[in-house]
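Please examine the model shown below.

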Amino acid sequence: MKGLLRDILIAAAAALIIIQFIRPTVVKETSMEDTLHPNDYIFTLCQAYRFGEPAYGDIIVFESDLMTEDGRHKLLIKRVIGLPGDTVEIHDNQVILNGEVLYEEYIREQGVCPGELSVIVPEGSLFVMGDNRRVSVDSRYEDVGCVDMKDVRGKAVYRLFPFGERTKL
């Protein structure tokens, strides 16, 4: 009996340690299609930015001010487009980063980016957008805006499920 209890305690401790570094996340929306789809199961590195900085193109999970039906802050999954100090402009269905049109091979529809804006990304913040620009609620909208780094929960690094589509993100 002592051996079983010890094994359970070791397994529980290992699980707690792993959860501090890797968190499974289930995609629920279509805003990241065609990269991620509803019900995709991804791994998120929770400590990814503790020792490093976000980079253009990273896919992050962050806590937004949007609320779920049960009253919690909604977690969103989006791609990093702008870093602190960058100027991000959107007009004529194009994203312009620091004066240059951004070519994004990962987006669902090339040349489709609704909205008009010009923003300088504040220090300690990120400008993020979904890959499916027609439906994504992201930094283009006041409800989300630029994401404060303290709200970032991690970097999506690997799609585990569905099994036939395992990929590094």
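**Pocket, sheet and cores**

Lining the largest pocket are 26 residues, and Val26, Lys28, Lys74, Leu75 and Leu76 lie nearest its centre. A pocket here is an open set of points, on a 1 Å grid over the protein atoms alone, where a 1.4 Å probe fits, with protein on both sides within 12 Å along at least five of seven lines; lining residues have an atom within 4 Å of a point. This is a predicted model, in which local features need pLDDT of at least 70 and side-chain atom pairs count only at pLDDT 80 or more, while totals for chains, interfaces and linings use all residues. Residues are numbered from 1 along each chain as its sequence is written, and side-chain values use heavy atoms, with hydrogens and water left out.

The space in the largest pocket comes to about 700 Å³, a volume being the space filled by probe spheres set on grid points joined across faces, edges and corners. Strands S1 (22-26), S3 (59-67) and S4 (73-82) each supply at least two residues of the lining; S4 gives the most, with 6 residues. Strands (E, at least two residues) and helices (H or I, at least four) are DSSP runs numbered from the N terminus.

In total, the protein has 1 helix and 12 strands. Four of these strands form an open sheet in the order S7-S6-S5-S8, with antiparallel pairing. Its edge strands, S7 (100-101) and S8 (117-120), each pair on one side only. Two strands pair if DSSP finds at least two bridges between them, and S6 and S7 pair in the antiparallel sense over 2 bridges. Isoleucine 96 stands opposite valine 101 in S7.

The largest nonpolar core has 12 residues, among them Ile81, Val88, Ile90, Val95, Leu97, Phe127 and Met129. Strands S5 (87-91), S6 (94-97) and S9 (125-129) each supply at least two residues of this core. Such a core is a set of buried Ala, Val, Leu, Ile, Met, Phe, Trp, Tyr and Cys residues joined through side-chain atoms within 4.5 Å, where buried means under 20% relative accessible area (1.4 Å probe, protein chains only). A second, separate core of 11 residues includes Val80, Val128, Val144 and Val147.

Methionine 129, a member of the largest core, is in contact (heavy atoms within 4.5 Å) with Met32, Lys78, Arg79, Ile81, Ile90, Val95, Cys113, Ser136, Asp138 and Arg140, leaving aside its neighbours within four places in sequence. Across the 169 residues of the protein, 36% count as buried.

Conventions. Buried < 20%, exposed > 50% of the residue type's maximum accessible area, 1.4 Å probe, protein only.
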